[in-house]
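Subject: Handover of a structure and its findings

Dear colleague,

Please find the structure below, followed by an account of what was found in it. I would be grateful if you would read the two side by side.

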Amino acid sequence: MGEAIKELVEDWNKEINGLTLQEWANELYNAMKEKITKEKLTFKVVNPGTVMKLLFLWKYMRNPYLHIMASRRDELKRKRRNAKLFYLDLYAGNGVVEVKIEDDSIKIPGSSVLALLAPILLHQERKQTPPYGYYWDLIVLNDIDDSYRKLLRERYQYILKQTTLMPIYRIYHALPSEVKDKWVAITEYNCEKDETWNFFKQYFLQTVKGPNGWIHGLIFLDPPSPSAMPFRFLKELLTVPSDIIALLHTGIFVKHVYEQKYTVDTLANILDCDRSKAESLLQKTHSYEELEKEYVNKFRNLLQGVRMQGISKGSPYRDFVKEIRLYTGKGHYHLVVATRTTAGPEYEEWHNWSAKFAEEVEELSKYDQLDHAVIDILTGRQATL
Ligand SMILES: C[S@@+](CC[C@H](N)C(=O)[O-])C[C@H]1O[C@@H](n2cnc3c(N)ncnc32)[C@H](O)[C@@H]1O
């Protein structure tokens, strides 16, 4: 197993409040078993390779993100600035992912649950006594599915009850109009709509940050398909100071363009391009590789090109963007992470790690070993990697 992936696996296997991540997922599944139809209790994944996004998110949240940004927040608070850290998950799921492995399956926590467990693990490892330094001031979980949101609420309540290492969070059904102390909002916006992105942008920059405040966040973008995340609308949100981790469905994008499943307007919104460009792409004159490149490069350019508002130190641009090809037996995806190179010297170590990680994952993709590798990690069969 490559050194960088090995580090990821070490993190994945840690216990949080006495339970491994898989044990947490099983508890969250069993506790809610009676409350909702079986079909909706988990988010099912048939392509194990894509789960690399969750392993990556888990590592990134604790270190570098919370490790570094929480001290930045402390520093600002000492200067009497109103500083806040947020986690925003726009396609949050229901908290438990079920990965199909042959005739069996394994349950693991979804992104939204990982976001709550990450600070708990940091507190546990650093043996902090209250007041705990690593926490999100606000967590926003958005999903269009009613039963998923209901599960998220119950699962969050369950975790908060089980662990004492967390500050008390209040859970809201919508974004509160006044900024509260430590809260979770479970919202129901449709990401296909322009208003959604604008609304979140205004909310974070105006309601949460305000004229003299400071905010920074981690935004996780895990859409079900390219049309659920039109770049034209997404770019609004990119003005909010944040790091981005996203999974792009490159394979679906190319297939739908080839099969002319998008209208010109939908494609123009997905790519944030003009109509004539969208029309030309729908003519089937571009190769598979060209279309993939078009999609991934457009995303990269947006991430790098949009200026973040209210950055007080270092570059206002996300000048570090890394795409990691996740090619699995069943499809093509890109895991993309964007942050700043000027976020501090401690990020440098992470930059080196991420370059190695990308190389190792791409190697697995090249030889069609990614699904196997992830299955081995989840089942603990690391020796074959
Ligand atoms: C790939 S899943 C996310 C899985 C999640 N990240 C996890 O780790 O459990 C995509 C989610 O997006 C939601 N969704 C689909 N279309 C949406 C839309 N237009 N707006 C908001 N959410 C949407 C689905 O209900 C689904 O839960």
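Leaving aside its neighbours within four places in sequence, which residues is Leu218 in contact with? They are Met61, Tyr65, Tyr87, Ser242 and Asp243, where contact means that the C-beta atoms of two residues, placed from the backbone, lie within 7 Å.

The model is predicted, and local features need pLDDT of at least 70, side-chain atom pairs count only at pLDDT 80 or more, and totals for chains, interfaces and linings use all residues. Residues are numbered from 1 along each chain as its sequence is written.

To return to Leu218, this residue has its place in strand 8 (residues 214–221). Helices (H or I, at least four residues) and strands (E, at least two) are DSSP runs, numbered from the N terminus. Leu218 has 23 other C-beta atoms within 10 Å and is therefore buried. The term buried applies when 20 or more other C-beta atoms lie within 10 Å of a residue's own, exposed when 12 or fewer do, and partly exposed in between, with C-beta atoms placed from the backbone. Asp89 is 129 residues away from Leu218 in sequence, yet the C-alpha atoms of the two are 8.5 Å apart in space.

The overall architecture

The protein contains 13 helices and 11 strands. Its radius of gyration is 20 Å, close to the 21 Å that the globule rule gives for 385 residues, so the protein is as compact as a globular protein of that length. This radius is taken over C-alpha atoms, and the rule is 2.2 Å times the number of residues to the power 0.38. Along the principal axes, the C-alpha atoms fill a box of roughly 60 × 50 × 45 Å. Of the 385 residues, 43% are buried. Among contacts with a separation of 6 or more, 73% come from residues 24 or more positions apart.

The ligand

The ligand is surrounded by 18 residues, and the closest are Tyr91, Gly93, Gly110, Ser111 and Cys191. A residue belongs here if its C-beta atom, placed from the backbone, lies within 6 Å of the molecule. By type, this shell divides into 9 nonpolar, 5 polar and 4 charged residues. Ala, Val, Leu, Ile, Met, Phe, Trp, Tyr, Cys and Pro count as nonpolar, Asp, Glu, Lys and Arg as charged, and the others, Gly among them, as polar.

Helix 5 (residues 146–162) has 17 residues and reaches 25 Å from its first C-alpha to its last, close to the expected 24 Å. That expectation is 1.5 Å times one less than the number of residues. Tyr148, Leu151, Leu152, Arg155, Tyr156 and Ile159 are buried in helix 5. Because they cover an arc of only 135 degrees around the axis, these residues are on the same side of helix 5; the arc is that of the directions from the helix axis to the C-beta atoms. Asp146 and Lys161, on the other side of helix 5, are exposed. The partners against which the buried residues of helix 5 pack include helix 2 (21–31), helix 4 (111–126) and strand 5 (138–142).

In helix 13 (residues 370–379), the buried residues are Leu370, Asp371, Ala373, Val374, Ile377 and Leu378. Seen down the axis, they fall within an arc of 165 degrees and so line one face of helix 13. Among the elements that they pack against are helix 1 (3–12), helix 3 (52–78) and helix 12 (346–366).

Backbone details

The peptide bond from Asn63 to Pro64 is cis, with omega near 25 degrees, and Pro64 is found in helix 3. Glu102 is a residue other than glycine with a positive phi, near 50 degrees. It sits in the loop between strand 3 and strand 4, and Glu102 is exposed because 6 other C-beta atoms lie within 10 Å. Asp272, also not a glycine, has a positive phi near 50 degrees. Its loop runs between helix 9 (264–271) and helix 10 (275–281), and Asp272 counts as partly exposed because it has 17 C-beta neighbours inside 10 Å.

With kind regards
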